2 protein chains.
Amino acid sequence: MDLNPADARFAARLAELFPEDVLRPVAPRYLEEPRGRWHGQAGVLALPHDTTQVAQLVRAAGDARVGIVPYGGGTGLVGGQVKPDGPAPLLISLERMTRVRGIYPTENVMVAEAGAILADLQAAAAEAGRLFPLSLAAEGSARIGGNLSTNAGGLNVLRYGNARDLCLGLEAVLPNGEIWNGLSRLRKDNTGYDLRDLLIGAEGTLGIITAASLKLAPIPAALGTAIMVVPSPAAALELLSLAREQVAEGISAFELINGEGLRFLTEVLPDVRQPFDGTPEWSVLIEFGLSSGLNPQEQLEHLFARALERGVVRDGLIAQSQAQRHELWMLREQIPAANRLIGSVSSHDISIPISSIPEFIMRGREVVAGLGPFRINAFGHLGDGNLHYNVFPPKGRDRADFATMTPVVKRAVHDLVDEMDGSISAEHGIGRLKADDLQRYADPAKLSAMRAIKSALDPLGIMNPGAVLV
Amino acid sequence: MDLNPADARFAARLAELFPEDVLRPVAPRYLEEPRGRWHGQAGVLALPHDTTQVAQLVRAAGDARVGIVPYGGGTGLVGGQVKPDGPAPLLISLERMTRVRGIYPTENVMVAEAGAILADLQAAAAEAGRLFPLSLAAEGSARIGGNLSTNAGGLNVLRYGNARDLCLGLEAVLPNGEIWNGLSRLRKDNTGYDLRDLLIGAEGTLGIITAASLKLAPIPAALGTAIMVVPSPAAALELLSLAREQVAEGISAFELINGEGLRFLTEVLPDVRQPFDGTPEWSVLIEFGLSSGLNPQEQLEHLFARALERGVVRDGLIAQSQAQRHELWMLREQIPAANRLIGSVSSHDISIPISSIPEFIMRGREVVAGLGPFRINAFGHLGDGNLHYNVFPPKGRDRADFATMTPVVKRAVHDLVDEMDGSISAEHGIGRLKADDLQRYADPAKLSAMRAIKSALDPLGIMNPGAVLV
């Protein structure tokens, strides 16, 4: 069914239905996205105050056959938040719905509205003596509704899971404008189909999340952080196994760092202090967050000793102070910044079955070498099997020189990922960037089930048209 | 659309399509369920050897408009596995598909076919030096496909989650006979809608799970078990908070025991040894499973000392040997057996927001007292907010004397659960037993979304007709 644009007539209709302050001119920031690949169409922007208004907006859009783009913090990396073509959409930004509706420390639960900024939720949890574990680079501006809609990952997935794992229940407006009151604070509830996990990760194509019931965790009594140099990615996996044997869920982070990333830092961010004299080809940032009876430094020392004995590590540095911890994390966090300054030919957010990662890294190197004189920085959330696998021009050359190679490299990397039972989108989602890839790589039975569900819940096709399913 | 019975003509058609050994006479055990509430209709029984045969069976049933009841271990407690009325169904039992397809210790992943018995999977994981944490009373005969289809809970949910949380991916036959190859071993995969969690908990109404990729965990280095007497359910929650502060995820079990349950043991199972001289009204069985640096006995002693100081516990017993651990668990595990011997007027598998449990217990007592001279045994997975809330006749009387009260008690308890934002099915599912309750208590927007999804994926209505949605 063809959609109509969110034009002046539609705006006039909304102006009759809503208080004046709900509709706003579309400021440019709503039409941009972090990677600058797309520019959204303006259409109409609505800033509802509450869930009832969200529902009224969805019904009005349905009546007028106008597409809706739900808007969170605008930090998504796959273009789910901008509609660059076709009829202009109604943008519904949740930015006014930021309330924490309740915190239940005994239950380790927090109920918050979808427009709440992730960092604010972390702070609210901390104030109640609890941890809200979702943590990612954009947390200062990302909003929880968007985090849930994209099933965001980030730094703490290994221990606490991704956004889906941190959500107990949702309130949402479904495409027919009905409000689903599913804000359960229950840990166990087997009453019917799991709508929650269907809306989580649907990127706004099956409804608009308006509030969520979120899991909190105890704050670990003590944190310890180390960087350990490993001879290979396979050794890094052995180190992970040793660490798991030792502290089980106590591993809060296990991040692979590639020598290429450290060389990039030297090249473009020389002020970032590097912990080792040489540039180790592979190292791992490990964080332990332990309960009160255990000393994380001692546990990291013990791990290092055991790993050294087995030849699994070569060198290591255990942070002895909060400042040193911070410095080790800065190293890890500045790698994406260095990547951006170098400028990639193609970057990939992929996952691979964990035990296949060493093979993937080896085969990926061969595949990419066959395409040109590229540099590869493969790093990230090794404990989750999630690599940020980025391909760069050789030193001294510019990404612009290789612009035509971008689709070739991307295709070759994704083909290898697919062949090795991996995912072409580990944590960023599909959005518009990977909608074609989804068609290519997804299981056909899954795709047809997804289409059937989409048609059943959104027969008019108004919810985030062009995202995920094309 | 009306369904046809799985009659002799349909059996003859299947006999043409399948090798002789796939079709079997329907033995009585396939038509019974543990609580003896329903007797299933015979129809036709098929025992496929592989996923391809499951798909062929589903297509054949679709062509003939014959309903299908997927059959696992037959241990479900809500009648999802028996179709007592309407046209006789095709029973598809997965009992021949029991293979462990692979174990990946580095990944903490096991891939198994749906017919594998839960206890066998626990053993296979243990052999690989890992823990498969799903554990429940029926584990010796329940099959993993059924566990997933009902999103089974059990004893280890507090730490490791329910069946859904332990599943990374599925292979399933969808109602149109297509095979979905979703056996992902990935921890992170954001490529489209979450079909996995939609099929999990759908109780066979959206397809047949044929295999699953399951999460394993490290085996805790040491276990410690204690029973602590608490002055009230509220104190039990404080004890849980203290334990969490101390060992975080290290709490493997936190089970509330009610004095009524202990009196039942004295009454009908006097050989079960009880740890305290009197009969404490409330006590908690706590298990710590800790990593190598910590001694669970010491940690339990430390917890007990802290709790005693705050008046949160009154008495306690920490197991000093494997035999004592076993004895404490026997106590907990014999309570359901005692319940059965006493014979309940009405039993409920409910969950309540954890912090509301003390209030629920108090108000429940008032509500039930208003209905008759009943005894209440409220016990179970307190850490998950999941109570088994069972109502019994007074001592010396028989449940048969109160048969007419069963629906009244059930309705009153469920009304209170609903009023307090709880769930009328925490871990057993809906099946046929609670299909009417689902209509009464479920959110209307959720129910209509469920119906839309069911019609979209199973337009002929052949998958487990009469279960979940009526």
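**Exercise 1.** With which residue does B:Arg164 form a salt bridge, and how far apart are the closest N and O atoms?

*Solution.* The model is predicted, so local features need pLDDT of at least 70 and side-chain atom pairs count only at pLDDT 80 or more, whereas totals for chains, interfaces and linings use all residues. Residues are numbered from 1 along each chain as its sequence is written, chains are lettered from A in the order in which they are written, and side-chain values use heavy atoms, without hydrogens and water.
Step 1. Apply the criterion: a side-chain nitrogen of Lys or Arg lies within 4 Å of a carboxyl oxygen of Asp or Glu.
Step 2. The partner of B:Arg164 is A:Asp194, with the closest N and O atoms 3.1 Å apart.
Step 3. Across the interface of chain B and chain A, the rule finds 8 salt bridges.

**Exercise 2.** Describe the extent of the interface between chain B and chain A.

*Solution.* 
Step 1. Counting contacts (heavy atoms within 4.5 Å), chain B contributes 84 residues and chain A contributes 84 residues.
Step 2. The two chains bury about 6,600 Å² between them, 56% of it on carbon and sulfur atoms; buried area is the accessible area (1.4 Å probe) lost on being put together, summed over both parts.
Step 3. On the side of chain B, B:Lys188, B:Asn190 and B:Tyr193 lose the most area to chain A, together 16% of what that side buries.

**Exercise 3.** Which helix of chain B gives the most residues to the side that touches chain A?

*Solution.* 
Step 1. Helices (H or I, at least four residues) and strands (E, at least two) are DSSP runs, numbered from the N terminus.
Step 2. Elements that each supply at least two residues of this side include α7 (233-247) and α14 (444-457) of chain B.
Step 3. The most comes from α14(B), with 11 residues.

**Exercise 4.** Where in chain A does A:Glu16 find a salt-bridge partner, and how are the two residues placed in their helix?

*Solution.* 
Step 1. A:Glu16 forms a salt bridge with A:Arg13, the closest N and O atoms being 3.1 Å apart.
Step 2. Because they are 3 residues apart in helix α1 (residues 8-17) of chain A, A:Glu16 and A:Arg13 are separated by about one helical turn.
Step 3. Over all chains, the structure holds 52 salt bridges.
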